[in-house]
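Let's take a walk through this protein, one spot at a time. Have the model open and follow along.

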Amino acid sequence: MIAAFFRDFGIFSEEEIAQVLQLFTIRKLSKGDYFAREHEKSNEVAFIRSGIFRSFYTTPNGDDITYCFRFPNDLMAAYSSFITGGPSVEAIQAIVPTELYVIQKNKLDQLVLEKPIWTMFLKIIAEQQYLELEKRVFQLQKETAAQRYASLLKNQPEFILQIPLHYLASYLGITQRHLSRIRKEITS
């Protein structure tokens, strides 16, 4: 699964893929466990083998706002903390039991020093993160909550039923009652 992820980039030799796979460790998290915590440093990145995660932040009045979900075959990190070494502005929490392949930043940094191809890989990942962020901003500005829900349903139909409604409503920027109406309209 993770080897196929690296092969899909089309830039690595089988030897390079085998080398990086040895640097990952397997981690299992239970429902509710955190991969990263808000205000703490995060120096690792994970490939999700199974499970679902939500990324969220806490508002000054104590509400948590879900802004992203991560699914199997996704890379995941508290990206700004990973890049800067500073405290994370987000928390990443398992919604269901999960299994991850985790690699530490210092190991990736060593790969970059040894082989320039890893710099290209990190550049591609940064570009993908930017495009994902841009897409999310445009979704929030251009699409209705119903359109955003329909998109999530289309792209992740096997996982959406596992996400608690209050997280979905937060992600869509609506109340649970409004989400119930949207779900009813889409299924009828």
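Leu23 touches Val102, Ile103, Lys107 and Leu111, leaving aside residues up to four places away in sequence; touching, or contact, means heavy atoms within 4.5 Å. You'll find Leu23 in the loop between α2 (14-21) and β1 (25-29). Helices (H or I, at least four residues) and strands (E, at least two) are DSSP runs, numbered from the N terminus. Leu23 has a relative accessible area of 23%, so it counts as partly exposed, the class between buried (under 20%) and exposed (over 50%), using a 1.4 Å probe and protein chains only.

A quick word on the source: this is a predicted model, where local features need pLDDT of at least 70 and side-chain atom pairs count only at pLDDT 80 or more, while totals for chains, interfaces and linings use all residues. Residues are numbered from 1 along each chain as its sequence is written, and side-chain values use heavy atoms, with hydrogens and water left out.

Now hop over to α5 and α6. Their axes, which are lines fitted to C-alpha atoms over the stretch in contact, come within 8 Å and cross at roughly 140 degrees. Angles here run from 0 to 180 degrees between N-to-C directions. That makes α5 oblique to α6, because oblique is what's left after roughly parallel (under 35 degrees), roughly antiparallel (over 145) and roughly perpendicular (65 to 115). Who meets whom? From α5 come Arg136, Gln139, Leu140 and Lys142, and from α6 come Gln147, Arg148 and Ser151.
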